[in-house]
Amino acid sequence: MAAVGALLNHVARESSDIDRLANFYQEILGFERIESPKFDCKVIWLKQSPSFCLHLIERDSNTKLPEGPWSSNDAVADPKNLPRGHHLCFSVSNFDSFVKTLKEKGIETHEKAQPNGKTKQVFFFDPDGNGLEVASE
């Protein structure tokens, strides 16, 4: 039997600079910092109402896991490729002003619309090179 009542609990991102990443998600997407348990490494837990949580975990260089899909400074990190790549998507009610804010902050974006033309989309990267999409409601 498949899981009953399954809900997304959180997404975790490992980073060598979780303070920088936390500030990005708080400033750009309105996450709030919440209390987190004391682990054997530095963690920051963020929440976006009503119940989506993002757990930022200090990178352990001994694991040899990649920090992100690629460096956000790498020439390969082109937001035009994100519609078919790994990304998280958020919806906002102020799409046009949100996109304007991204551009004012110098964040490279790629804008498009879903085939029906009703939903606008903007794709961009967080400071660690993780793909993000924001869609109009």
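The model is predicted, so local features need pLDDT of at least 70 and side-chain atom pairs count only at pLDDT 80 or more, while totals for chains, interfaces and linings use all residues. Residues are numbered from 1 along each chain as its sequence is written, and side-chain values use heavy atoms, with hydrogens and water left out.

**Around His-55**

- His-55 sits in strand 4, which covers residues 52-58; strands (E, at least two residues) and helices (H or I, at least four residues) are DSSP runs, numbered from the N terminus.
- The side chains of His-55 and His-10 make a polar contact at 3.4 Å. A polar contact is a pair of N or O atoms within 3.5 Å; within protein, one must be able to donate a hydrogen and the other to accept it, and residues adjacent in sequence count only if both atoms are side-chain atoms.
- Setting aside neighbours within four places in sequence, His-55 is in contact with His-10, Val-11, Ala-12, Arg-13, Ile-44 and Trp-45, where contact means heavy atoms within 4.5 Å.

**The chain as a whole**

- The protein chain has two helices and eight strands, and along the sequence they follow the pattern β-α-β-β-β-β-α-β-β-β.
- Of its 137 residues, 36% count as buried.
- The accessible surface of the protein chain comes to about 8,600 Å², and 49% of that belongs to carbon and sulfur atoms. Accessible areas come from the Shrake-Rupley method with a 1.4 Å probe; for residues, only the protein chains shown count as cover.
- Among contacts between residues at least 6 apart in sequence, 56% join residues at least 24 apart.

- Four strands make an open sheet in the order 1-4-3-2, with mixed pairing; two strands pair if DSSP finds at least two bridges between them.
- Strand 1 (10-15) and strand 2 (32-34) stand at the edges with a single partner strand each, so one side of each is left without a neighbour in the sheet.
- From one strand to the next, the twist averages 30°. For such angles, axes are lines fitted to C-alpha atoms, for helices over the stretch in contact, and angles run from 0 to 180 degrees between N-to-C directions.
- Three bridges pair strand 2 with strand 3 (residues 43-48) in the antiparallel sense, and Arg-33 has Leu-46 in strand 3 as its bridge partner.
- Helix 1 (residues 18-29) packs on this sheet and touches strand 1, strand 2, strand 3 and strand 4, with its direction at about 10° to that of strand 3.

- Strand 5 runs parallel to strand 8 (residues 131-136), joined by five bridges, and Cys-89 stands opposite Glu-133 in strand 8.
- In a regular strand the side chains alternate between the two faces of the sheet. Strand 5 has Leu-88, Phe-90 and Val-92 on a covered face, and Cys-89 and Ser-91 on an uncovered one.
- Strand 6 (residues 110-113) and strand 7 (residues 120-125) pair in the antiparallel sense over four bridges, with Lys-112 opposite Gln-121 in strand 7.
- Six residues lie between strand 6 and strand 7 in their hairpin, and Gly-117 in the turn has a positive phi of about 75°.

**Aromatic rings**

- The structure holds seven aromatic pairs. Rings of Phe, Tyr and Trp (its six-membered ring) pair if their centres lie within 6.5 Å; planes under 30 degrees apart count as stacked, over 60 as edge-to-face and the rest as tilted.
- Phe-39 and Trp-45 form a tilted pair, 6.3 Å centre to centre with 45° between the planes; Phe-39 is partly exposed at 46% relative accessibility.
- Phe-24, Tyr-25, Phe-31, Phe-52 and Phe-90 form one aromatic cluster.

**Asn-94**

- Asn-94 is in the loop between strand 5 (88-92) and helix 2 (95-104), and it is partly exposed with a relative accessible area of 39%.
- Asn-94 and Ala-135 are 41 residues apart along the chain, and 9.7 Å separates their C-alpha atoms.

Key: Buried < 20%, exposed > 50% of the residue type's maximum accessible area, 1.4 Å probe, protein only.
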